[in-house]
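Try each one yourself before you read the solution.

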Amino acid sequence: MATGMTDTTNDLSRPPRRRRTALYAAAAVGVVLIGLVFVFANAPTATTRVVDSPLVGRQAPPVAAETIDGDRFDLETLRGQWVVLNVFATWCVPCREEHPDLVRFDRRHRAIGDATVVGLVYDDDPDAVRAFRDAEGGEWPMLLDPDGRIALSLGVTGVPESFLIAPDGTVATKVTGGVRELELDALLDQLRTPRPPEDSP
């Protein structure tokens, strides 16, 4: 009987141990999840990141389309100045975050006449874009690309993406993940500064 009682006691004590183990595991998972939430919530927002593109150094593909205001626009009309061709959508959070920087950049350089911004709408509703522009500002032309033809020719894989196009119409560089005004200025200054000739052997 004693042995039987001992066995019964052991059997009864096992479920609480399993429950405690499960409780500890759940608590550990909870701590990990809280940590991940903290990391993502405090991660820095995307900044100006230069990436490779087969278009760099080549003439920009044709960019001619109707704007959200119903006008016709052709990138060729901006030859002679620098252009930031910004591919964006109103449903894209980094696009919304970069927009104030683009507004400030465009306002300053438009006054000087050396650079301007052009927007290319990516898979978005024109009414939503107009409402966003009216609320947040932006004096540059915003082009519609309903069939995605222009985005495809640029090799766009997502938004936001921006292309800095030189006064001669060549693509100088490509930026992804959003832009920041001062970083964009620094990048533009770097591209405008002639590189020193390489030493001959």
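**Exercise 1.** Does E98 count as buried or exposed, and why?

*Solution.* First, some ground rules. This is a predicted model, where local features need pLDDT of at least 70 and side-chain atom pairs count only at pLDDT 80 or more, while totals for chains, interfaces and linings use all residues. Residues are numbered from 1 along each chain as its sequence is written, and side-chain values use heavy atoms, with hydrogens and water left out.

Next, the cut-offs: buried means under 20% relative accessible area, exposed over 50%, and partly exposed in between (1.4 Å probe, protein chains only). E98 has a relative accessibility of 1%, so it counts as buried.

**Exercise 2.** Find where E98 sits and which residues it touches.

*Solution.* Start with the element: E98 belongs to helix α2, residues 93-112. Helices here are DSSP runs of H or I with at least four residues, strands are runs of E with at least two, and both are numbered from the N terminus.

Now look for contacts, meaning heavy atoms within 4.5 Å. Setting aside residues up to four places away in sequence, E98 touches N86, P160, G178, V179 and R180. Take G178: it is 80 residues from E98 along the chain, yet their C-alpha atoms are separated by 5.5 Å.

**Exercise 3.** Which side chains does N86 join through polar contacts?

*Solution.* With a relative accessible area of 3%, N86 is buried.

A polar contact is a pair of N or O atoms within 3.5 Å; within protein, one must be able to donate a hydrogen and the other to accept it, and residues adjacent in sequence count only if both atoms are side-chain atoms. The side chain of N86 has such a contact of 2.9 Å with that of E98, and another of 2.9 Å with that of S162.

**Exercise 4.** Trace the sheet that holds β4.

*Solution.* Go strand by strand: the open sheet has six strands in the order β1-β8-β7-β4-β5-β6, with mixed pairing. Two strands pair if DSSP finds at least two bridges between them. At the edges are β1 (49-51) and β6 (142-143), each pairing on one side only.

Three bridges join β1 to β8 (residues 171-176), and the two run antiparallel. The bridge partner of V51 in β8 is K174.
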